[in-house]
Amino acid sequence: MLPADLHVPHSRSPITRSKVLVVEGRDTFPFFMACLRELSLLHTIEIRNMGGVDELDAYLDTLPNISGFDRVTSLGLIRDAETEAAELAFESVCHSLRQAGLPVPTRPMTPLVGEGRQVSVFILPDCVNSGTLETLCLQSVQADPVMTCVDDYFRCAESHGAVVPTRWLSKARVRAFLASRPRPHLLVGQAAHEGYWPWDNSAFDLLKQFLRAL
């Protein structure tokens, strides 16, 4: 049985699986739990929460000292590009890996094998563009008729003088979309467990490919 505190940032509970996926944040953690369950990979990949992006250096310094890390054969890291280019986010992850003395891939989704384990990196939403997990989730529901209502809502809000959060617009649009679901209070990760994000949508193809290759 997995330790119960793996969702907590910087958990030092022993590693129990040979494949470890490090993700960014407590909301991202349940999203990937749901995704791995959908792919029937939850029994082979252990998810760990590194906390925020600025905590990755400290987390990777700690990770090799956690009991069980010596048996890890595959390590995957996923973080948002946020508002910068995915290439810059990838370089930031590589810097953290290098500082921790871990294998450093040459590009996203391409594992580098070293010291008996492979290390691979995925930058959300698609390893190319800026954005976040919310960006990817919105892409998966773009054909949903409700999305026209979401667009209308923000146009209406702006026309009445509301200040739309341009920097985090994808997060705001996700909240508006989830307001149309049976359980509107759920966060992105929780919504994944309710099936609100269609796993069969092509928006998730690249991410699923990454996870299957761990």
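**Reading a pocket and a helix**

Visitor: Which residues line the largest pocket?

Guide: A pocket is an open set of points on a 1 Å grid over the protein atoms alone, where a 1.4 Å probe fits, with protein on both sides within 12 Å along at least five of seven lines; lining residues have an atom within 4 Å of a point. Here the lining is made of E82, T83, S130, G131, T132, T135, T166, R167, W168, L169, S170 and R173. This is a predicted model, where local features need pLDDT of at least 70 and side-chain atom pairs pLDDT 80 or more, while totals for chains, interfaces and linings use all residues. Residues are numbered from 1 along each chain as its sequence is written, and side-chain values use heavy atoms, with hydrogens and water left out.

Visitor: Which helix gives the most to that lining?

Guide: Helices are DSSP runs of H or I with at least four residues, strands are runs of E with at least two, and numbering goes from the N terminus. Helix α6, residues 169–178, gives the most to this lining, with 3 residues.

Visitor: How many helices and strands are there in the chain?

Guide: You'll find 8 helices and 5 strands. Starting at the N terminus, they run β-α-β-α-β-α-β-β-α-α-α-α-α.

Visitor: What box do the C-alpha atoms fill?

Guide: Along the principal axes, they take up roughly 55 × 35 × 25 Å.
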